[in-house]
Amino acid sequence: MAHRTRPTPRICPACDGFASAAITLGGRDARGHLRTITAHCPACHGTGTATARRDREGARA
């Protein structure tokens, strides 16, 4: 019996799969930890994958 494989997820073209990044704010807090923020890709909202786009048959461009 053949095993069915799931289709590979589509990688987001805007971030190439690296959807989140930690960015330092250039300083330390009172405890000595670096202050960072997390930035997410606006195209995929931090998931790293793009939704499959289906074109409808007969649709006009």
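Visitor: Which residues does C12 touch, not counting those up to four places away in sequence?
Guide: Keep in mind that this is a predicted model. C12 sits in the segment before β1, and its relative accessible area is 2%. Since buried means under 20%, C12 is buried. Leaving out residues up to four places away in sequence, C12 touches G17, C41, A43, C44, G48, T49 and A50.

Visitor: How far apart in space are C12 and C44, C-alpha to C-alpha?
Guide: C44 is among the residues that C12 touches. Along the sequence, the two are 32 residues apart. In space, C-alpha to C-alpha, the distance is 6.6 Å.

Visitor: Which residues make up the largest nonpolar core?
Guide: Nonpolar side chains in soluble globular proteins tend to be buried together. Here the largest nonpolar core has five residues in all. One of them, A19, has contacts beyond its neighbours within four places in sequence, including C41 and C44.

Visitor: Which residue is the bridge partner of A21 in β2?
Guide: Let's look at the strands. β1 covers 20-28 and β2 covers 34-40. They run antiparallel, and six bridges join them. For A21, the bridge partner in β2 is A39.

Visitor: Which residue in the hairpin turn has a positive phi?
Guide: β1 and β2 form a hairpin, with five residues between them. The phi in question is about 95°, and the turn residue that has it is G32.

Visitor: What is the phi of D16, and what is that of H45?
Guide: Most residues other than glycine have a negative phi. D16, in the segment before β1, is not a glycine but has a positive phi. H45, in the segment after β2, also has a positive value without being a glycine. The angles are about 55° for D16 and near 60° for H45.

Visitor: Are D16 and H45 buried or exposed?
Guide: Exposed means over 50% relative accessible area. D16 has 56% relative accessibility, and H45 has a relative accessible area of 66%. Both values pass that cut-off, so D16 and H45 are exposed.

Visitor: How much accessible area does the nonpolar patch on the surface have?
Guide: The patch is formed by I23, L25 and I37. L25 lies in strand β1 and counts as partly exposed, because its relative accessibility is 46%. Together, the three patch residues have about 250 Å².

Conventions: Residues numbered from 1 in each chain as written. Predicted model: local features only at pLDDT ≥ 70, side-chain atom pairs only at ≥ 80, totals over all residues. Heavy atoms only, no water. Helix = DSSP H or I, 4+ residues; strand = E, 2+ residues; numbered from the N terminus. Buried < 20%, exposed > 50% of the residue type's maximum accessible area, 1.4 Å probe, protein only. Pairing = 2+ DSSP bridges. Patch = residues over 30% accessible without salt bridge, like charges linked within 9 Å, V, L, I, M, F, W, Y side chains within 5 Å. Areas by Shrake-Rupley, 256 points an atom, 1.4 Å probe, with all protein chains shown as cover. Salt bridge = Lys/Arg side-chain N within 4 Å of Asp/Glu carboxyl O. Core = buried A, V, L, I, M, F, W, Y, C linked by side-chain atoms within 4.5 Å. Contact = heavy atoms within 4.5 Å.
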